[in-house]
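The sequence and the structure are shown first.

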Amino acid sequence: MFRAGLIITGFIVIWSAALYLRKQAPSGSYRATLVLTEGLFIVQGLVGIAMFLGGRRPHDGLHWLYGILLVIVLPIAATYISGRDTRREPLVYGIAGLFMAGLTIRAFTTGA
């Protein structure tokens with residue numbers, strides 16, 4: 001699931017940059033990808049909780065922080081851009097995606 005998270009966040013960063021630089025409004029498929037990304041990280045969190053209940057523990061306690069941040073970054077970004085100019089939407093989501101890619105890498109390194 002680590003690879004899926006890294007690939008999809010990287011894809012969001014690239015797609016967001018293309019939309020922002022071309023001055024295009026986000027499409028429905030772009031927003032659907034954001035929803036799917038959020039769903040992926042929620043599923044990862046649920047799997048992590050199931051593993052914890054099964055007796056597996058992360059290598060570092062920061063793993064929990066990274067997991068929680070991965071789930072709340074996109075809703076925070078959505079709240080920030082709510083009611084604002086759609087021109088900034090890809091920029092905000094692109095920055096959020098870049099942050100999430102970094103969090104994904106850190107979560108992987110602290111969970112092993």
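Leu 70 touches Glu 38, Phe 41, Met 100, Leu 103, Thr 104 and Ala 107, when residues up to four places away in sequence are not counted. The model in which these contacts occur is a predicted one. Leu 70 lies in helix α3 and is buried, with a relative accessible area of 4%. The C-alpha atoms of Leu 70 and Thr 86 are separated by 23 Å, and the two residues stand 16 places apart along the chain.

**Helix α3**

Helix α3 comprises residues 62–81. After α3 comes Gly 83, which has a positive phi near 80 degrees.

The table gives the relative accessible area of each.

| Residue | Helix | Relative accessible area |
|---|---|---|
| Thr 33 | α2 | 14% |
| Thr 104 | α4 | 4% |
| Thr 110 | α4 | 3% |

Thr 104 is in contact with Leu 70, and also with Phe 2, Gly 5, Leu 6 and Phe 41, leaving aside neighbours within four places in sequence.

Thr 110 touches Pro 58, His 59, Asp 60, Leu 62, His 63 and Tyr 66, again without residues up to four places away. With one of these, His 63, the side chain of Thr 110 makes a side-chain polar contact at 3.3 Å.

Which residues does Thr 33 contact, leaving aside its neighbours within four places in sequence? They are Ile 8, Phe 11, Ile 12 and Trp 15. The side chain of Thr 33 also reaches the backbone oxygen of Ser 29, at 2.8 Å. Along the chain, Thr 33 and Gly 48 are 15 residues apart, and their C-alpha atoms are separated by 22 Å.

**Helix α1 and the residue that follows**

Helix α1 takes in residues 2–22, which makes 21 residues. From its first C-alpha to its last it reaches 30 Å, close to the 30 Å expected at 1.5 Å a residue. Which residues of α1 are buried? They are Gly 5, Ile 8, Thr 9, Ile 12, Ser 16 and Leu 19. Seen down the axis of α1, the buried residues fall within an arc of 95 degrees, so they line one face of the helix. The face turned away from this buried side carries the exposed residues Arg 3, Ile 7, Ile 14, Leu 21 and Arg 22. Among the elements that cover the buried residues of α1 are α2 (28–53) and α4 (89–111).

α1 is followed by Lys 23, which is found in the loop between α1 and α2. Is Lys 23 buried or exposed? Lys 23 is exposed, with a relative accessible area of 62%. Although Lys 23 is not a glycine, its phi is positive, at about 60 degrees. Most residues other than glycine have a negative phi.

**A salt bridge between helices**

Side chains of opposite charge can pair when their charged atoms come close. How many salt bridges does the count come to? The count comes to one salt bridge. Arg 31 forms a salt bridge with Glu 89, and the closest N and O atoms are 2.9 Å apart. Arg 31 lies in helix α2 and Glu 89 in helix α4, so the pair ties together parts that are 58 residues apart in sequence.

Technical notes: Residues numbered from 1 in each chain as written. Predicted model: local features only at pLDDT ≥ 70, side-chain atom pairs only at ≥ 80, totals over all residues. Heavy atoms only, no water. Helix = DSSP H or I, 4+ residues; strand = E, 2+ residues; numbered from the N terminus. Expected span 1.5 Å × (residues − 1). Buried < 20%, exposed > 50% of the residue type's maximum accessible area, 1.4 Å probe, protein only. Arc of directions from axis to C-beta. Contact = heavy atoms within 4.5 Å. Salt bridge = Lys/Arg side-chain N within 4 Å of Asp/Glu carboxyl O. Polar contact = N/O pair within 3.5 Å; in protein donor to acceptor, adjacent residues only side chain to side chain.
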